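Hello,

Here is the structure I said I would pass on. Please have a look at it first, and my notes follow below.

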Amino acid sequence: MPDLDLPDVTLHYEVIGNGPPLMLIAGMLSDSASWAPLVPFLSEHFTLICPDNRTTGRTFPQDAPASPKIWAEDALALLAHLGHGTCHVVGHSLGGYIAWAMASLAPDRVQSCTMVASAPLSLFRNMDLFRSLVAIRRSDAPPDTWLRVFLPWIFTPEFYQTPGAIDAAIAQSLAYPHAQSADAMAHQLTAVATADPALFQARPDVPMQAILAEKDLLIPLDLAQQALNGIPTEVVSGCGHAPHWDAPDQVARAIKRFTDSH
């Protein structure tokens, strides 16, 4: 269980595979384990570096200062700690913001940036959703309630048609030993809500692409393409907000094709 001791946090990370370094940055409410479906498709080609962002997983304390800039600085510190001068970066959802921030802060260290189900936009609706989820978790509601409210935003209607699929997903989430606490979730949400918008106003000077999901409710396709403003995009059909779960082979091909060209 490798950890990196930084001045105000102990950063947990996983390193998997062999090849050029590729950092995978998880999204909101997620940690390094969220990349599991993609790992078999990429670990034969890359050394995958998967940190637990502050407020998540096995990175502690979970109330340490956090922001997209701080998360990006942690990722850059981890890259240096592992002895890599540069790497390719892939970020899902909030992880896409962090990848964008990495590329903005240190363009000489980011060979390419891929945003998955992510774009430089802020939707008040999403923030309201996450605040509501925190409130549910802090209430007397059964522990699966907030997941039953949240997962329709992640999975497609077709996923729900498979008997037992949603109950299995909820059971797996509740059993995960490193699940984010309600307080850590609230802290992460505050960090996102108070992020400096200037960090995302200018496109980083690195090769960039976005992999978007056709049926994404959290980051709607049309709004994402507009916000990306000419950044090349690939749309994964039939997928919700987590295309690396719904179609990991297709997402992996898009990542490898792009990194191979840069």
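Is cysteine 87 buried or exposed? Cysteine 87 is buried, at 0% relative accessibility (buried means under 20% relative accessible area, exposed over 50%, partly exposed in between, with a 1.4 Å probe and protein chains only).

Before the rest, some ground rules. This is a predicted model, where local features need pLDDT of at least 70 and side-chain atom pairs count only at pLDDT 80 or more, while totals for chains, interfaces and linings use all residues. Residues are numbered from 1 along each chain as its sequence is written, and side-chain values use heavy atoms, leaving out hydrogens and water.

Now the cysteines. With a disulfide taken as a pair of cysteine sulfur atoms within 2.5 Å, the count is zero. For cysteine 87, the nearest cysteine sulfur belongs to cysteine 113 and is 9.9 Å away.

On to the strands (helices are DSSP runs of H or I with at least four residues, strands runs of E with at least two, numbered from the N terminus). Strand 6 (residues 110–116) has six of its seven residues buried, so it is largely enclosed by the rest of the structure. Strand 5 (residues 87–92) runs parallel to strand 6, joined by six bridges (strands pair if DSSP finds at least two bridges between them). In this pairing, cysteine 87 stands opposite valine 110. Strand 6 is also parallel to strand 7 (residues 208–213), through four bridges, and there valine 116 faces isoleucine 211.

Best wishes
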